[in-house]
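Below is a colleague's note for someone opening this structure for the first time. Please keep the model in view while going through the numbered points.

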Amino acid sequence: MSQWSQVQQLEIKFLEQVDQFYDDNFPMEIRHLLAQWIESQDWEAAANNEAMAMILLQNLIIQVDEQLDRVSQEKNLLLIHNLKRVRKLLQGKYHGNPMHIAVIISNCLREERRILAAASMPVQGPLEKSLQNSVVSERQRNVEHKVSAIKNSAQMTDQDVKYLEDLQEEFDFRYKTIQSLEQNDKNSGLIKQEMLALQAMLNTLDYKRKEVLSKIGCVIHEMDVLMSNMLTEELLDWKRRQQIACIGGPLHGGLDQLQNCFTLLAESLFQVRRQLEKLDELLTRLTYDGDPIPVQRPQLLEKVNFLLYNLFRNSFVVERQPCMPTHPQRPMVLKTLIQFTVKLRLLIKLPELNYQIRVKATIDNASLSCPPSNRRFVLCGTHVKAMNMDESANGSLSVEFRHLQPKEMKTSAGSKGNEGPHMVTEELHSISFETQVCLYGLTINLETSSLPVVMISNVSQLPNAWASIIWYNLSTNDPQNLSFFNNPPTASLSQLLEVLSWQFSSYVGRGLNSEQLNMLAEKLTGQQVSYNDYQLSWAKFCKEHLPGKSFTFWVWLEAILDLIKKHILPLWIDGYIMGFVSKEKERILLKDKTPGTFLLRFSESNLGGITFTWVDQRENGDVTFHSVEPYNKGRLSALPFADILRDYKVIMADNVPENPLKYLYPDIPKDKAFGKHYSCQPNEVSKPSDGGAKGYVPSVFIPVSKILSDSTEPHSPSDLLPMSPSVYAVLREHLSPTAIETAVSWKLSHS
């Protein structure tokens, strides 16, 4: 079943979440019409490879054209109209930046997987629940409403300033008219009346000046309150959502809405600034005793400038955290001399700033680790670029660095020898960015930094480095605590398990259910515990070996992720691998099942191993269990796991080799579960006369195990024996089961 088919079967509350991230950037009708094709492409790789992204974009347009031809024949007018609109969108919006559509589609597919995983859970996880808090949504609406109200107030004040300007011009004209009269004319009664009228007009001017200043003060106060409270909280919430998204959590949105709020506020502040400049102009033409402008205007202007400085400083954000294109699901882990990408955005989108802001990237080498690290880095590649509105499909004012490489600086001899095995992956750095905005007489210096990154020099360090990134972003919302691992805090077990499920949903397409998480919880704690009450230490997660093992919990789990990704991904996505189940629980599940019922689980003693256990019944009625030696990536590279399950044979005393695997737990016929994943149809046994390539008899690998009469476990050296179908047929026709057993036993003993 395709991922999109699974999505369509979700409950309405989950479908509403899906609806939120499909918009004009990637219309849902395209997702629906091209579901199979879209899911078969590698959008994650294309998101960091421009050439690949361009090819996928062109192929996407071809697919849309084919659909357009189909619906044109069906005369579906509405769908024809929508597909033409989508085609125009794809060609116009993404032609200059094909990687953007790859990022959008990759994010949508990932978010679908996360929602599917969440739907399989009995309750929503604590982290995700906090991110979808109704109070947060209400604040978002309030911010947008207040920004709109402030914009309207600033525009209304514009009209008051214009009225004040017109009133002063009339006063100037009438005053100058009286001044131009002869002295005798000034003593007339009519002129005296005019002087009284001018005095009344001056009083009105004074009142209006005070009123305009008061209104400007109110608008400034409203903006100050909004920026200090709700808008700041909204920005911090977005940054927290970004942290969680980086470690596999829900797709973080809302940056476009924040940009709209920041831009409207900046426009309103500049509008108020122009109003104060107009009042200064009016002041130079007319002033008087008790004039409020020279007293209040400087204070108001200082406040406006202060708010503009703060607004610009907060608007400079890292939109996409540093990430190596080779490891798109492991952001903030950077390898020396390997390119990474990072994207920044200025949330104040003003046309005057297009190509006017040059951003410089550097590595923060301030060592806060304990003991201090001797490692120092520099950035190679293009580290100064101009922000513009042309590279982003949504027209945001942004800049993306695509060719940066961290390079480790040479240090004094012997300095690197002081670093322990975990020191490198617990040492945090950050990528810093600085620029300067010059606008309307203001010069504002801006700085921001990425979330902490871990620098590695060897890819073997990546698993522990990623564990550090997970622990940091799970445990703190402080964006720059580079000394975090000097004394790492504990983490809530319930939140950690939720994040571990995200690792599976984001990396291998299917999250973990409650039973699987229960097993991981027991493995982490060594006991059955309450999720909500238990606090887990960093050492337990990543540094201490599991009891009786030579590896840590995280190394064990990371090896499983790698195994799934490279060798058994389709089976995992279909949900046929139970995976995380202990030997004890496994036997409880199988003991009452039909003989031949089996389940698949990950090895607890071998790194990156998967095994299967089946239930059998002796003649006396006793139930027995058999577990095959775990298959690792080396053996799975030789033969696909689905084919192993199909062709697996067991040789028991006085029996012909047979496949003991009949039903996948609980009662799914094996071929029904795995048939579509077989590399070919079950082998028809061929005769020697059939021949093969260049006269050879074709051969296949047949996985075979021998079970001794006094053992419940399969014999387990190498169980991949090359045997042609024809030879196997001849053996069965001309040799007794005892002879076959003898031959296989000799092969096993000499392998």
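1. The crossing of helices α12 and α13 is left-handed; a crossing counts as left-handed if the near helix is turned anticlockwise from the far one by less than a right angle, and as right-handed if clockwise. Helix α12 covers residues 189–246 and helix α13 residues 255–285; their axes come within 11 Å and cross at roughly 160°. Axes here are lines fitted to C-alpha atoms, for helices over the stretch in contact, and angles run from 0 to 180 degrees between N-to-C directions. The two helices, α12 and α13, are therefore roughly antiparallel to each other. By class, 22 nonpolar, 2 polar and 2 charged residues make up the contact of α12 with α13. Nonpolar covers Ala, Val, Leu, Ile, Met, Phe, Trp, Tyr, Cys and Pro, charged covers Asp, Glu, Lys and Arg, and polar covers the others, Gly among them.

2. A word on the basis of the note. This is a predicted model, in which local features need pLDDT of at least 70 and side-chain atom pairs count only at pLDDT 80 or more, while totals for chains, interfaces and linings use all residues. Residues are numbered from 1 along each chain as its sequence is written, and side-chain values use heavy atoms, with hydrogens and water left out. Helices (H or I, at least four residues) and strands (E, at least two) are DSSP runs, numbered from the N terminus.

3. Confidence is highest in helix α14 (residues 293–315), at a mean of 96, and lowest in strand β20 (residues 720–723), at 43. Residues 413–420 stay under 50 in pLDDT, and the model gives them 9 contacts beyond four places in sequence, a contact being heavy atoms within 4.5 Å. Over residues 683–692 the pLDDT is also below 50, with 18 contacts beyond near neighbours in sequence. Where pLDDT is low, the predicted coordinates should not be read in detail.

4. The crossing of α17 with α19 is right-handed. On the α17 side, Gln516, Met519, Leu520, Lys523 and Leu524 take part, and they meet Phe553, Trp556, Leu557 and Trp572 of α19. Sorted by class, this contact has 7 nonpolar, 1 polar and 1 charged residues.

5. Turning to the strands, an open sheet of 4 has the order β1-β3-β7-β5, with antiparallel pairing; two strands pair if DSSP finds at least two bridges between them. Strands β1 (316–323) and β5 (377–380) are at the edges with a single partner strand each, so one side of each is left without a neighbour in the sheet. From one strand to the next, the twist averages 35°. Strand β5 joins β7 (residues 397–408) over 4 bridges in the antiparallel sense, and Phe377 stands opposite Glu408 in β7.

6. Strand β4 (residues 358–364) has antiparallel links to β6 (residues 384–386), through 3 bridges. Arg358 has Ala386 in β6 as its bridge partner. Strand β4 also runs antiparallel to β8 (residues 428–439), with 5 bridges, and Ala361 stands opposite Phe433 in β8.

7. Another open sheet has 5 strands in the order β15-β14-β13-β17-β18, and its pairing is mixed. At its edges are β15 (623–627) and β18 (668–669), each with a single partner strand, so one side of each lacks a neighbour in the sheet. Strands β13 (residues 597–602) and β14 (residues 610–617) run antiparallel and are joined by 5 bridges; Leu600 stands opposite Phe612 in β14. Helix α19 packs on this sheet and touches β13 and β14, its direction making about 150° with that of β13. Helix α20 (residues 583–590) packs on the sheet as well, touching β13, β14 and β15, at about 160° to the direction of β13.

8. Two backbone details remain. The peptide bond from Tyr665 to Pro666 is cis, with omega near 5°, and Pro666 lies in the loop between β17 (663–664) and β18. Met332, a residue other than glycine, has a positive phi near 70°; Met332 is placed in the loop between β1 and β2 (333–335).

Note on methods
pLDDT is the predictor's confidence in each residue, from 0 to 100. Angles under 35 degrees count as roughly parallel, over 145 as roughly antiparallel, 65 to 115 as roughly perpendicular and the rest as oblique.
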